[in-house]
Amino acid sequence: MLRKVVYIVIALIFGGVFNAINVPAGWLLGALLCGIIWSFTIDKIIFSKGYFSIVLAIVGTNIGFTVVLEQFVTYQALILPLLLSILLTIVFGIILGRLFHRWSGLDANTAFFCCLPGGASEVIAVSEEYGADQRIVAAFHTTRITLFVLAIPFVAGLISNGRNDLAVSQPSMSVSGGTLLVVCVMVVALISSRIGKYIPFPGAVIFVSIALGFAAHTFIVPNETMPSIIPGLAQGLMGAILGMRFDRETFHELRRIGKVSALTLFLYFVASFLLALLFFGLTPTSFSESMLGIVPAGAAEMAATALSLNLDSTMVATLQMLRVLCLFAALPFLIKWFAKPIKQESQ
C-alpha cells in the first residue's frame, strides 16, 4: 500500500510540473509518462478495477459540473456523422486486421482482435474464447490506447484555444465553500462508482457520474465553480494508472512481432485522424473536439483531456460512449462474420 501511495504522489508531482510548464493536458501526460518510466525502471504496480472506477467517477463528476443543458440540442446534428464514422472505423479495423494477419504471420483471429476498435477490455476478454493469443491482443490494445492518450492531447492542445464558458477555473472561494465542493465531488464519485457496477454496459460509471455531478452542481452547490486543481488531480490519477499498464511485457510482446506492429499502429493513428477530419467537415464542432470525440482511445481518457483543454468534455464523452456502445452491440456479429472458428484455425 505504501508503495502505491509513494508512486501516486510522485506521478501527481510529474503531472503538476507538466501542467505548470503549460504542456497540453499536463496533469494527464505527466502522470502517464511517470507511470511508463516507473513500470520500465522500477517495478510493476497493479491497480484493481475499483481504483480506476473511482478515478473515472471523479473525472465524470468534474465533467458534470460543466454541463450546459442547452448544449444537448446541438448534439442531434452529430448523430448521422457519428454513425458514419463508426461504420468507417469498423470497416477500417477489419481491413487492417486482415493486413496485419498477412504481414505479421499471426493467426487470423489474433490479428482480427488486435485491430478491432471496440472497448479494449471487452475485446481482450472475448479474444481468448476464439483461440487468439490474449497476450498479444492485450499488448496491442494497451499500446494503442497509450499512444493515443500521449499524442492526441498534445495535438489537440496545440491547435485549440479552448473555450472560456466552462465552469472550470481558479476562483477565489471561502474555505467552507471549497471544503463543501471537495466533499460533494468525493461523495458523488463514490456513489457513481458503486452504481456503475450494476449497470451492464461499458463505461457506465462515467455517464452516471456526469449525471450525478450535474445534479449536485445544480441543486447542492449551485454557486460554486470547480477549482482547476480538482480535475487536474483526477486527470493525474488516471494518467498514473494508465501509464502503469504499459510495461516491459507489453513492449516485448510487440517487439516480438516486429516492425509490422509499429506500422499497423501508425496506420491506425492516421486513419483515426482522417475520420476526425471527416467528422469535423460534416459537423459544427471544432477539429480538436472532433478528434477527441472520434478517435478510438477511450471515453474517460479523451473526456478528461477535453476537460483539461476547456473543450466540450460532455460532448466528447457522449460521442466516445456512443461509439463504444455501438461497437459493443456489434461485437457478436463482427465475431460471427469475421473471426474464424477455433477448429478451422487448428487445421
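Residues are classed by relative accessible area, with buried meaning under 20%, exposed over 50% and partly exposed in between (1.4 Å probe, protein chains only). By this scale Arg 135 is partly exposed, at a relative accessible area of 48%. The structure is a predicted model, in which local features need pLDDT of at least 70 and side-chain atom pairs count only at pLDDT 80 or more, whereas totals for chains, interfaces and linings use all residues. Residues are numbered from 1 along each chain as its sequence is written, and side-chain values use heavy atoms, with hydrogens and water left out.

Salt bridges were examined next. A salt bridge is taken as a side-chain nitrogen of Lys or Arg within 4 Å of a carboxyl oxygen of Asp or Glu; by this rule, the count is five. Side chains of opposite charge can pair when their charged atoms come close. Arg 135 forms a salt bridge with Asp 133, at 3.4 Å from N to O, and another with Glu 253, at 3.8 Å from N to O. Because Glu 253 lies in helix H12 (residues 248-257) and Arg 135 in helix H8 (residues 134-159), the latter pair ties together parts that are 118 residues apart in sequence. Helices (H or I, at least four residues) and strands (E, at least two) are DSSP runs, numbered from the N terminus. Glu 253 is buried, with a relative accessible area of 9%. A network of salt bridges links Asp 133, Arg 135, Glu 253 and Arg 256.

A further salt bridge joins Asp 43 to Arg 3, with the closest N and O atoms 2.5 Å apart. This pair links distant parts of the chain, 40 residues apart: Asp 43 is in the loop between helix H2 (26-41) and helix H3 (49-64), and Arg 3 is in helix H1. Asp 43 is partly exposed at 24% relative accessibility, and Arg 3 is partly exposed at 43%.

Patches are made of residues with over 30% relative accessible area and no salt bridge, like charges being joined within 9 Å and nonpolar side chains (Val, Leu, Ile, Met, Phe, Trp, Tyr) within 5 Å. Accessible areas come from the Shrake-Rupley method with a 1.4 Å probe, and for residues only the protein chains shown count as cover. The nonpolar patch covers about 870 Å² and is made by Met 1, Leu 2, Val 5, Val 6, Val 9, Ile 13, Val 17, Ile 21 and Tyr 51. Helix H1 (residues 2-20) gives the most to this patch, with six residues. Val 6 is placed in helix H1 and is partly exposed, with a relative accessible area of 38%. An α-helix has 3.6 residues a turn, so residues three or four places apart point the same way.

Aromatic pairs are formed by rings of Phe, Tyr and Trp (its six-membered ring) whose centres lie within 6.5 Å; planes under 30 degrees apart count as stacked, over 60 as edge-to-face and the rest as tilted. The count comes to 13 aromatic pairs. The rings of Phe 40 and Phe 246 are stacked, because their centres are 5.9 Å apart and their planes lie at 25°. Phe 40 lies in helix H2 and Phe 246 in the loop between helix H11 (229-245) and H12, so this pair ties together parts that are 206 residues apart in sequence. Phe 246 is buried, with a relative accessible area of 13%. Phe 40 also pairs with Phe 251 in an edge-to-face arrangement, the centres being 6.1 Å apart and the planes at 65°. Since Phe 251 lies in helix H12 and Phe 40 in helix H2, the parts tied together are 211 residues apart in sequence. Phe 251 is partly exposed at 35% relative accessibility. Elsewhere, ring pairs link Tyr 7, Trp 38, Phe 47 and Tyr 51 into a cluster.

Backbone geometry was also considered. Asn 22 has phi near 65°, a positive value in a residue other than glycine; Asn 22 is in the loop between H1 and H2 and is exposed, at 66% relative accessibility. Asn 310 likewise has a positive phi, near 60°. Asn 310 is in the loop between helix H15 (299-308) and helix H16 (313-338) and is partly exposed, with a relative accessible area of 22%.
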